[in-house]
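Subject: Handing over the structure

Hello,

Here is the structure I promised to pass on. Please open it first, then read the notes below it.

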Amino acid sequence: MNNELLCSFTHLEDLPDELVLAIFVYIPVQTLYDSFRNINQRLNSILTSVRLSVRIEVNEDRNQLLITSVQHFAPQINSLHIALWCQHLDLTKFQRIQSLYISRPTFVQLMSIQPEHLPELRTLSIKYATPLKYDHIDDFYRLIISNRFKQLRFVRQDGADLRLEHYVVENKYLHLLYIGSCELQHWPDLLKALPALCQFTATMFYLTPPIAVATSFQHMALRHLNIVLDEYYDVIDDLEKVIWFTPILTHLAVRCRHSLPPIDFFGLSDMLAECTPRLKHFRCRFNLVIKKNEKIAEVDHIRQISPLFTTIHYKQHETRSQCFIVATEPMMDEYRQD
């Protein structure tokens, strides 16, 4: 009876290679390295074919075995998420990687992000990388925005301060860009350099000379725009200069770091309806200067003059005469132009 029961069990060796390969995808990389490597020639062959997604969420000093296993399977890893500092991890070994998230990279790791090392890279996210003291950081920014990464579609670079010299070559591949900041007067130049860009997030600084809209150029791909306006004094006017170049926007999110008087909301609805006739989702977050005894009246007034703000949340500061306004989407259908 026991022999019959034992014979009814299916062992790992009884499974076809395709099923074993599918199972290995869900096993942690350190377990694959410790428990299945060098058992027999068949499993070794299957291990060389598995494609892995790896997350490193412990410091390399605390788990050197994990780093060793990751480096062993480096040519087979297609997604790598490094949440903590791993200074000894050589990124040039991950030649089939498609998605890379790295926090606090070293300068050597940054400089190793090259198309010849990572030819299949599609998604790149870099956090807490501000090695501005290095002379080569401009070359790195210029490389990321360039068209040398043929597969790269998504770039997130926290802390990056893009300037005009960083996007001198047209990139027809990049679809999504999330950066620390860019200069408003070079906004049209950035759009021209990235004709396929569909989604953009950044802080925009108002620097002289001011942006000029006396041009026929308009970007016909950008649909999602998320910006923080900094050093602005006429938000409505400057916002109009930004979205004038993006007539097919469907999603717009704006936050202003400076306090604004309620008068700055005048004309906002008309401006958005004229410049972005396809706008469907709108969020704004302004710090509005309002006297305490005028809070309700002013908020009601904003609701009346801005019909696209269908839902308005406000919170008055306990000690300062300020009211925090968050106006949310969707825009009223009857207000949009046909």
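Predicted model: local features only at pLDDT ≥ 70, side-chain atom pairs only at ≥ 80, totals over all residues.

A residue counts as buried when its relative accessible area is under 20%, and as exposed when that area is over 50%.

Cysteines first. Cys 86 has a relative accessibility of 2%, so Cys 86 counts as buried. Cys 182 has a relative accessible area of 1% and is therefore buried. What about disulfides? A disulfide needs two cysteine sulfur atoms within 2.5 Å. By that rule, the count is zero.

Now the strands. Start with strand β3, residues 99-103, and strand β4, residues 123-127. They pair in the parallel sense, over five bridges. To find the pairing on screen, look for Ser 103, which stands opposite Lys 127 in β4. Then move on from β4 to strand β5, residues 154-162. These two also run parallel, and four bridges join them. Here the place to look is Thr 123, which stands opposite Phe 154 in β5.

Next, the cavity. How many cavities of 30 Å³ or more does the structure hold? The count is one. The largest cavity contains about 80 Å³ of space. Its lining is made up of 13 residues, and the closest to the centre are Tyr 141, Ile 144, Val 155, Gln 157 and Ala 160.

Which elements build that lining? At least two residues each come from β4, α7 (137-145), β5 and β6 (176-183). The most come from β5, which gives five residues. By class, the lining has 11 nonpolar residues, one polar and one charged.

Last, a spot in helix α10. That helix covers residues 268-275 and includes Leu 272. Is Leu 272 buried or exposed? Its relative accessible area is 0%, so Leu 272 is buried. Leu 272 and Pro 247 are 25 residues apart in sequence. In space, the C-alpha to C-alpha distance between them is 9.9 Å.

That is the handover.

Best wishes

Terms used: Residues numbered from 1 in each chain as written. Heavy atoms only, no water. Pairing = 2+ DSSP bridges. 1 Å grid on protein atoms, 1.4 Å probe; cavity = no way out; pocket = protein on both sides within 12 Å on 5 of 7 lines; lining within 4 Å. Points joined across faces, edges and corners; volume = space filled by probe spheres on them. Nonpolar A, V, L, I, M, F, W, Y, C, P; charged D, E, K, R; others polar. Buried < 20%, exposed > 50% of the residue type's maximum accessible area, 1.4 Å probe, protein only.
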